[in-house]
Structures are given as structure tokens and as C-alpha cells.
Amino acid sequence: MADFDQELDASGLNCPLPILRAKKTLNAMSSGQVLHVIATDPGSVKDFDAFAKQTGNELVESKEEGGKFHFLIKKS
Amino acid sequence: MEQKKLAIIATKGSLDWAYPPFILASTAAALGYEVQVFFTFYGLQLLKKKPNLEVTPLGNPGMPMPMGMDKWFPVLGLALPGMQGMMTAMMKQKMKSKGVASIEELRELCLEAEVKMIACQMTVDLFDMPKAEFIDDVEYAGAAAFFEFAGESDICLYI
């Protein structure tokens, strides 16, 4: 996994909490910084893709590993 | 790009139907939408400081019942005293175990994200609901005020 500035573990949380927590964490970060989100909600794969497209934050990476979903989001 | 707008009318006051307005409002706010929710009739229950929301299997054939209870207790059995309280407790337990947020938590996230919550003044008066029972962030207005925002919204939902 590439470098990141902050990590958010949203394991066990269901829709829409992973997105809401991610948004809140991104709010406190500065432009260009990367957030690593870990989630177990299978719906989060499409949701983080949609979140990135609509907010302009870049989804640098999205993958499944060890039964968990990992997302790298670069704040715009 | 101009900020998108979401307008929601929330009319229902049961635990299950409390979710759609708060899930959609909080998510839209996270996506950058400006959001207003207009609460009317039973939807006003969602604005109470301590919402006491329940779920009922009555008149709801689509509700999955644990342990095939709907087969053992057809229609009239669902009207037994205590059934609603039991279903509510089971639903809350299930939601907690699946990591689904509580209504209070989602509402708080909406408020943090500056979702505007408007109570229908007419129904507040109709039901003699004391304003002290509602959370402080509520504004009171009527249908015309809703249209002022809804008329310019990109998405408008009636729930």
C-alpha cells in the first residue's frame, strides 16, 4: 500500500457511516494529503468510487485485501 | 460549479422509515449538497430530543420476521400486546450488530453537516406538540417556505 497521511478504520460500520466518517476526516486534512480508509461494508467499493467522482477528491487506490476493503483518497 | 440542492419531505414516524431521510440527507451533505428536510405529520417524531421510534409488523407483509414468526402468528398474532415492543427491540439489536448507525447518531451527523431541519408549523399546532420537546436546531415554517428551497433543488424526495 502506498504512503498515506492519515488512516481511518471504518471496519464493522455500515452505509452511510464509512463515507460520512471519511468526509469528516478529510475536512480536517489539507489539500494533497492522502487518507487511507479501511472498511468491511461491501457496498463501500461503489460508494467510495461515487464519493470521489462527486466531490473531486481522487480515489488513488481501491482494493480488497484480507477480507477488508482499502481505499486511498487524495484530498483535492 | 454551483452547489447542488436536495429537498426532502419526511412524513413518517416509525423506526424503519426514519432511516431514509437521515441517511440520504447526511450522505448528500457529505457529497457537497445543500440539504433541507421538511418534517410534517408523523415525521415530526424524528425531531424529538428523545425520539421513541418503533417498528411494527402490522400491515407490513414485507417485513422479515425472525424464526418464521409470521407463519406461527399470522395477522392477528402480530397485534398481540408487546409484539411491537419486541419487534422494535429485535430490530435495534440487529441494527447494532450490523454496524448500522442509530437515528440519533445520523441526525447528529446531519446537523454537523449543516442540514437544515424544518418542522411544519401547521402539524406542530395540530398535534399540540410542545416545541421544548424538539431539538434546538429546528426551524418552523410552512409549505411556501419549503417551495422556496424545493423549487431550486436538483433532487426532491417525498418520504
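**Notebook: the sheet in chain A**

I started with one residue pair: A:Leu59 has A:Ile73, in E4(A), as its bridge partner. The model is a predicted one, with pLDDT of at least 70 needed for local features and 80 or more for side-chain atom pairs, while totals for chains, interfaces and linings use all residues. Residues count from 1 along each chain as its sequence is written, and chains are lettered from A and ligands numbered from 1 in the order written.

Next I looked up the strands around that pair. E3(A) and E4 (residues 68–74) of chain A run antiparallel, joined by 7 bridges. (Strands are DSSP E runs of at least two residues, helices H or I runs of at least four, numbered from the N terminus; strands pair when DSSP finds at least two bridges between them.)

Then I checked the whole sheet. It is open, with 4 strands ordered E1-E2-E4-E3 in chain A and mixed pairing. Strands E1 (6–10) and E3 (58–65) of chain A each have a single partner strand, so one side of each has no neighbour in the sheet. On average, neighbouring strands here are turned by 15° against each other, direction ignored.

What lies across E1, E2 and E4 of chain A? I found helix H1 (residues 17–27) of chain A there, at about 160° to E1(A). Helix H2 (residues 44–55) of chain A touches E2, E3 and E4 of chain A, and its direction makes about 175° with that of E3(A). (Contact means C-beta atoms, placed from the backbone, within 7 Å; axes are lines fitted to C-alpha atoms, for helices over the stretch in contact, with angles from 0 to 180 degrees between N-to-C directions.)

Definitions and conventions: Two residues are in contact if their C-beta atoms, placed from the backbone, lie within 7 Å.
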